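Trainee: I am new to this structure. Could we go through it together?
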Amino acid sequence: MNTPLPPVKMPARVSVLLPVPLNTIFEYANDQALPPGTLVKVPFGSRNMYGVVWEDTSSPSLKPLKPLLTVFSTIRLPEVSLKFIKWVSDYTMAPQGQILKMVLPTPEAFEKEGRDNAVISKSPQKPQLSEDQSTAAEVLKDSLKAHTFQTFLLEGVTGSGKTEVYFETIDFILETGGQALVMLPEIALSAQWLQRFEARFGFAPAVWHSNLPSRQRDTTLRNLLRGDIPVIVGTRSALFLPFLDLKLLIVDEEHDGSYKQEEGVIYNGRDMAVVRARLSQATCVLASATPSLETEINVLSGKYHHIHLSTRYGGASLPDVKLVDMRKIKLATQTWISPPLQTALAETLERGEQAMLFLNRRGYAPLILCRSCGERVMCPHCSLSLVQHKSQDKLLCHHCGYTRAQPTTCPTCQEENTYSAIGPGVERIYEEVQTFLPQARCALLTSDYLTTPKKIRDCIEKIHTHEIDILIGTQIMAKGHHFPLLTLVGIIDGDSALAGSDLRASEKSFQLLHQVAGRSGREDRRGQVLLQTYLPEHPLMTALVRQDKAQFFAIESEQRLLHGFPPYGRLAALILSGKKNEEVQKIARLLAKNFPLTDKADLLGPTPAPLSYLRGRYRWRLLVKTAKDFLPQPLLKHWLSGTRIPPSIKLQVDIDPYSFF
Ligand code: ADP
Ligand code: ZN
């Protein structure tokens with residue numbers, strides 16, 4: 001008698017996406033098919049790699065397939081993450097594998113045993129919202145209840161209570177289920193924000209950013225895929241995490257340039273947050289005192305809803321902004337603080353209050369020059385001057401990090417000790433303050449000094465306990481801090497951000513200056529801002545003095561519309577770089593020659609990039625401009641596929657570019 005043979009198992013073909021910068025889907029064999037999103041370990045070349053099962057798209061391969069090594073049958077990316085990978089890849093033109101890496105940054109986490117941190121809860125402290133705030137929070141909660149995708153601009157001056165409004169909305173998520181993500185531009189500086197969250201909710205949120213210790217990343221990722229994390233607070237990279245049930249996304253300071261990632265996958269975290277919200281029918285809140293032009297336009301066209309908090313919470317008044325017309329002031333050589341600002345500083349300190357001086361330039365002097373031959377000291381790897389940092393007794397390249405000792409002999413003319421520091425950085429302003437206010441206790445707030453979270457905390461603590469009279473710093477202190485005694489802000493160079501080739505220069509300056517100004521007089525004391533400028537008639541300056549955002553945006557919009565620039569048109573930048581200038585130039589020209597004939601898009605360039613030499617590579621740029629209703633990606637794809645780019649040349653595609661160097 002024959003016993004029937006056990007059924008022969010036909011190995012299934014499994015498509016797998018791997019975290020490598022390729023669009024290729026790889027195929028493996030397994031004894032059964034697996035649902036898309038499942039985490040697997042596979043052999044790849046000479047090593048093993050983690051990947052996720054991808055939907056079957058290719059025609060069957062005839063090659064014998066290698067088997068999967070491990071199937072993590074309980075670890076599966078949600079469908080929305082898979083959709084998001086595809087969407088972001090299509091939009092940014094970065095390979096899907098590279099985006100997978102952001103969605104599953106530490107897949108090895110799932111092979112580790114991890115004791116997960118217990119959540120310690122205290123009792124939450126819920127404030128009584130003002131009428132404006134309650135109304136705003138109700139609108140957002142209604143959107144959450146409706147389970148449909150909606151985007152809101154939550155607009156209000158600094159101190160108007162926007163944070164409390166979205167906290168209330170997060171509370172609703174905690175009560176009703178689902179997950180919330182809060183994106184902040186910069187987490188290292190958000191200690192105060194995190195403390196506030198903890199006081200409000202009685203527990204600390206899970207935090208996510210790229211400098212997190214790997215153990216903490218592992219734990220968070222594991223807990224997230226288990227559905228155990230209701231709220232994540234993080235920088236732009238947190239957006240890609242595999243949330244199972246993301247219902248609310250908040251982008252704080254939505255106008256902030258640090259949402260744009262400039263390396264690897266080049267994307268705008270603010271824009272991708274809106275996309276992510278759409279994919280899971282979530283509510284997206286963009287909060288800002290000075291919304292970006294892009295967002296304003298989306299409000300005007302009805303794409304976004306608008307919620308406005310019109311007064312400062314508790315009725316605190318906005319600071320007085322005064323321009324100091326530097327054309328009319330004779331400063332002693334090598335000084336930058338005008339007499340009116342000196343007087344205001346002295347008076348502020350006499351009243352027992354605090355002041356802040358703002359200059360967006362780290363170090364002592366932006367360049368040093370040989371007085372004998374006029375040569376400046378340049379970075380050997382970049383077309384940039386080296387910046388003098390006196391505290392470290394070094395010259396530094398702010399783009400590539402190159403450092404060297406200050407030379408004593410000029411390599412060009414061989415003269416000795418002829419170097420002069422040209423222009424001020426914050427360290428030099430610090431020195432200048434000591435000359436006229438020697439008793440003032442000053443602190444430098446820049447990334448060179450505040451190098452660890454502890455140093456940042458200590459510094460903020462010292463400001464609160466009034467152990468510091470004058471803060472001198474860069475943009476890092478423009479963000480989100482409340483210092484009740486701070487009543488004077490002095491802006492050393494109100495014009496600096498207006499220079500340069502950036503189409504958003506005016507907008508960024510307006511936002512930054514407005515934000516810096518918002519630091520002053522946040523409680524019951526009225527603050528003042530003194531802004532030193534050589535362009536007092538510039539529309540930006542008059543708008544700042546009047547704090548008239550509408551006027552500023554009207555002028556700025558007109559300019560953009562005139563040139564077909566964003567938000568009225570679309571841009572895509574191509575940056576080519578390589579070790580040999582002629583070779584890069586040749587490919588840039590060839591690309592331009594092959595640009596398809598179309599009335600839908602304009603090609604600008606090629607030109608050498610403003611930073612034509614960076615980290616040892618020569619750089620050329622091309623810029624494609626299209627109408628707003630014409631997506632450039634298909635055109636770019638077609639165009640780029642028609643030109644062979646040798647491996648020695650790196651091509652970066654930057655959709656919706658924010659930087660133009
Ligand atoms: P924004 O986010 O618009 O800058 P915040 O939400 O940070 O404003 O509010 C500014 C200040 O006012 C904070 O110190 C905050 O604690 C306080 N505040 C705002 N709303 C309330 C409220 N309803 N009750 C008590 N304090 C509030
Ligand atoms: Zn350099």
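Mentor: Let us begin with a term: contact means heavy atoms within 4.5 Å. This is a predicted model, in which local features need pLDDT of at least 70 and side-chain atom pairs count only at pLDDT 80 or more, while totals for chains, interfaces and linings use all residues. Residues are numbered from 1 along each chain as its sequence is written, chains are lettered from A and ligands numbered from 1 in the order in which they are written, and side-chain values use heavy atoms, with hydrogens and water left out.

Trainee: Which residues is I232 in contact with, leaving aside its neighbours within four places in sequence?
Mentor: Among them are A180, L181, V182, W208, L224 and F243.

Trainee: And which residues touch the most other members of the largest nonpolar core?
Mentor: I170 and I232 do, in a core of 102 residues. Such a core is a set of buried (under 20% relative accessible area, 1.4 Å probe, protein chains only) Ala, Val, Leu, Ile, Met, Phe, Trp, Tyr and Cys residues joined through side-chain atoms within 4.5 Å. A second, separate core has 31 residues, including C459 and V489.

Trainee: Changing topic, how many residues surround ligand 1?
Mentor: The number is 16, and the closest are Q128, G159, K162, T163 and R196; to count, a residue needs a heavy atom within 4 Å.

Trainee: What lies 2.5 Å from an oxygen atom of ligand 1?
Mentor: A polar side-chain atom of T163 does. For S160, a backbone N or O atom is 3.3 Å from a ligand 1 oxygen atom.

Notes. Polar contact = N/O pair within 3.5 Å; in protein donor to acceptor, adjacent residues only side chain to side chain. Buried < 20%, exposed > 50% of the residue type's maximum accessible area, 1.4 Å probe, protein only.
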